[in-house]
Amino acid sequence: MFAYTVRRLLQIIPLMFAASIVIFTLLALQPGDPTDELRQANPRITQEQLEALRHAYGLDQPIYIRYFKWLGRALQGDFGQSRQYAVPAAQKVFGERLPNTLILSGSAFLLALCVAIPVGIFSAVRQYSLADNIVTTLTFLGFSVPVFVLGIFLLYTFAVWLPDKIPGFPAFPPVAEVPYTPFSEVRSGTTSFWIFLRNWAWNLVLPVVALSLIQMASWTRFMRGSMLEVLNLDFVRTARSKGLSERTILYKHALRNALIPIVTLVGLSIPGVLAGAVVTESVFSYQGMGRLILDSLISKDYNVAMAALAMLALITAIFNLVADLLYAVVDPRIRYS
Amino acid sequence: MAVQAPSIPQPRSQTLWALAWRRFRKHKLALAALVYVCLLIAVALFAPILAPYDPTAQPLSGDLASQYFQLPSAQHWLGTDELGRDVFSRILYGARIEMLVGFTAALVSLFIGMVLGILAGYFSGRPFRFYQGPLAQGSSWQPLGFALWRVISWVIFYGLLYFIADLAWTLAGDGVRAFLGGERGGHWFALLGLVVSWGAVLAAGIWGLFAKFGLDLDVVLSRFIDFILTIPSLPLLLVLSALLRDSQGAVGQWAQATLGPAASVLIIITVLVIFGWISTARLVRGAVLSLREQDFVTAAQALGSSEVRVMFRHLLPNVTAPLVINTTLEVGNAILSESILSYLGFGIQEPVPSWGNMLSRAQDYLFSAPHLLFAPGIMIFLTILAFNYLGDGLRDALDPRSRL
């Protein structure tokens with residue numbers, strides 16, 4: 001198991017190498033470079049000055065040389081300067097936006113799991129009952145709502161419609177332009193920690209609900225199917241004939257086996273959650289990595305885009321590995337070697 | 001063994017499709033979804049006749065301020081948007097774009113994924129070379145010298161492929177333009193052009209790498225797919241479509257010059273195809289890998305069927321059912337991806353209406369004109385839902401064993 005983990009961790013290295021080449025090339029091929037904006041901002045800039053700037057940025061070199069230079073610096077933690085925000089790209093991406101995205105997708109992930117597994121079990125145990133039919137229909141509906149459509153309608157309902165109809169209804173922030181009271185205010189003592197936490201959670205509610213719904217629906221469906229399959233197996237019948245309580249059969253015998261395919265599914269849907277986070281963040285103007293990727297692509301801030309995209313690829317690779325390892329933890333029959 | 005017993009009445013034989021239709025009819029929601037999709041296709045085809053207004057026409061006279069943001073009325077069934085354009089007409093024309101993008105992207109992906117999947121599955125572990133004609137090494141027929149012939153044949157082959165691809169791409173552009181202009185039959189040209197141009201590029205790749213040098217296609221394809229799946233695809237879609245559609249860049253300029261307003265539609269289809277074929281290829285490859293070990297394949301080979309015949313006459317019909325299901329779901333996925341990209345501003349560009357970019361504009365007026373949200377939002381939701389139900393019903397009908 002240990003050897004397997006180490007080998008898989010080592011495999012991430014060539015994978016990230018290849019992924020970064022692809023992303024870097026695509027970004028380097030993007031038309032226009034930062035000197036275009038300088039030319040627009042200052043029409044009197046001379047061609048020599050532009051050339052000097054392009055030389056200073058290293059843009060006059062071929063793509064592969066730029067890539068290896070970027071790689072050499074990135075491995076030392078230097079991802080270049082953000083031209084839009086005038087701070088190091090690493091600080092913008094890893095220090096500021098990555099935690100926000102992880103909080104958003106992590107909360108959505110947990111919410112989806114906490115709802116999907118109990119509801120899936122419940123629905124499987126009462127197969128074809130009214131409640132089961134309602135759950136099945138709802139999961140199908142939830143599965144088909146695109147996250148941005150849901151997000152906009154949540155915004156409309158909770159930020160515009162309800163506060164309009166019901167006086168005193170606490171309006172959810174329609175646009176989380178400043179996502180929450182910055183933590184520095186807590187440190188300096190101007191805001192109490194609880195107010196910081198409350199603002200912060202309040203801003204998170206709608207995005208998390210929007211992001212988690214699709215995963216919630218598809219996991220519930222799978223949990224139900226997997227549970228139904230296990231409940232029909234012989235060992236469950238054996239457990240029943242031994243006279244075990246229904247509770248023990250469900251939670252000790254059936255659930256552990258039913259969870260095995262769910263673990264793979266959950267692991268495989270992590271890229272989906274991250275992709276959904278990109279869309280959700282744009283709907284709610286949530287200051288996360290997805291929003292940053294979008295903004296930096298529009299404003300041609302390629303150092304930031306490169307750092308953020310590479311980070312997203314790395315997270316995906318790591319979580320794929322975690323899913324595979326969890327698989328072995330849940331199912332003792334699986335031995336990696 | 002069939003025993004001759006003419007007196008016993010034989011049960012009426014039914015084809016696979018008749019059986020499937022009988023099962024499909026029982027799934028009421030899937031049937032409703034089928035009706036909805038057919039209606040949507042009809043709306044897409046006849047939008048120029050059905051739409052009461054030009055979807056891009058803005059009011060130019062009269063009291064302009066009162067013509068913007070109109071609430072639904074008898075004249076404008078769904079109101080007017082921030083430029084005074086009729087939302088109902090834009091929804092109808094949007095359906096045209098969604099259907100064109102969805103079906104074209106799914107069918108081109110199906111074509112590419114099917115060919116690559118079959119080749120990879122069938123030739124897995126057995127690198128193949130097609131290049132064994134009179135020009136091959138060791139052949140006695142080398143009138144002008146082997147090297148020269150080889151160069152000439154390459155030039156002719158790739159020149160011809162380039163010519164075909166270029167012609168087909170132009171045809172696709174014309175088709176989309178005609179389609180947007182409301183002429184009939186444009187979508188067929190678009191589809192044909194895309195299939196042929198992509199097919200030519202694909203043929204060049206397969207010929208050059210695999211048939212010529214004898215690489216194992218399956219190894220290359222599987223590694224490539226594993227690699228693609230580890231990269232988050234949505235950001236990559238964004239980067240790709242930003243690259244293709246930027247009017248400052250070479251590709252973008254070329255696309256704008258040759259395609260005009262149709263550029264964003266063809267670009268979005270291309271971007272969706274780049275990722276869309278993967279699921280089909282995986283599906284077909286997996287199925288073919290297990291099918292090729294079965295006796296009917298050995299029998300066909302023993303009877304002297306050519307490789308191509310075995311692949312396309314014997315193996316392909318056995319993967320039809322999962323392919324139909326997959327393609328149906330893929331149409332829904334393509335529409336979803338298109339609307340996400342358009343919503344984020346990287347897809348279909350104004351003034352061409354798509355439900356995604358309508359929703360994106362409507363969000364800017366969340367407070368002042370919330371009625372603009374409903375039509376595009378509900379249409380996107382219903383359409384994705386319909387394709388999911390349709391795929392579900394088809395799975396029940398065609399592949400009853402795979403039911404989870």
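Reader: How many salt bridges does the rule find across the interface of chain A and chain B?
Author: In this predicted model, where local features need pLDDT of at least 70, side-chain atom pairs count only at pLDDT 80 or more and totals for chains, interfaces and linings use all residues, the rule finds one salt bridge across that interface, a salt bridge being a side-chain nitrogen of Lys or Arg within 4 Å of a carboxyl oxygen of Asp or Glu.

Reader: Which side chains meet in it?
Author: Those of Arg221(A) and Asp392(B), at 3.8 Å from N to O; side-chain values use heavy atoms, with hydrogens and water left out, and residues are numbered from 1 along each chain as its sequence is written, with chains lettered from A in the order in which they are written.

Reader: OK, and how many residues does the contact take from each chain?
Author: Counting heavy atoms within 4.5 Å as contact, 46 residues come from chain A and 37 residues from chain B.

Reader: What area do the two chains bury between them?
Author: About 3,800 Å², with 82% of it on carbon and sulfur atoms, where buried area is the accessible area (1.4 Å probe) lost on putting the two parts together, summed over both. In chain A, the residues that lose the most area to chain B are Phe140(A), Phe148(A) and Ile152(A), together 15% of what that side buries.

Reader: Changing topic, what is the span at residues 304-330 of chain A?
Author: That span is 100% helix and 0% strand, with its end C-alpha atoms 38 Å apart, helices being DSSP runs (H or I, at least four residues) and strands likewise (E, at least two).
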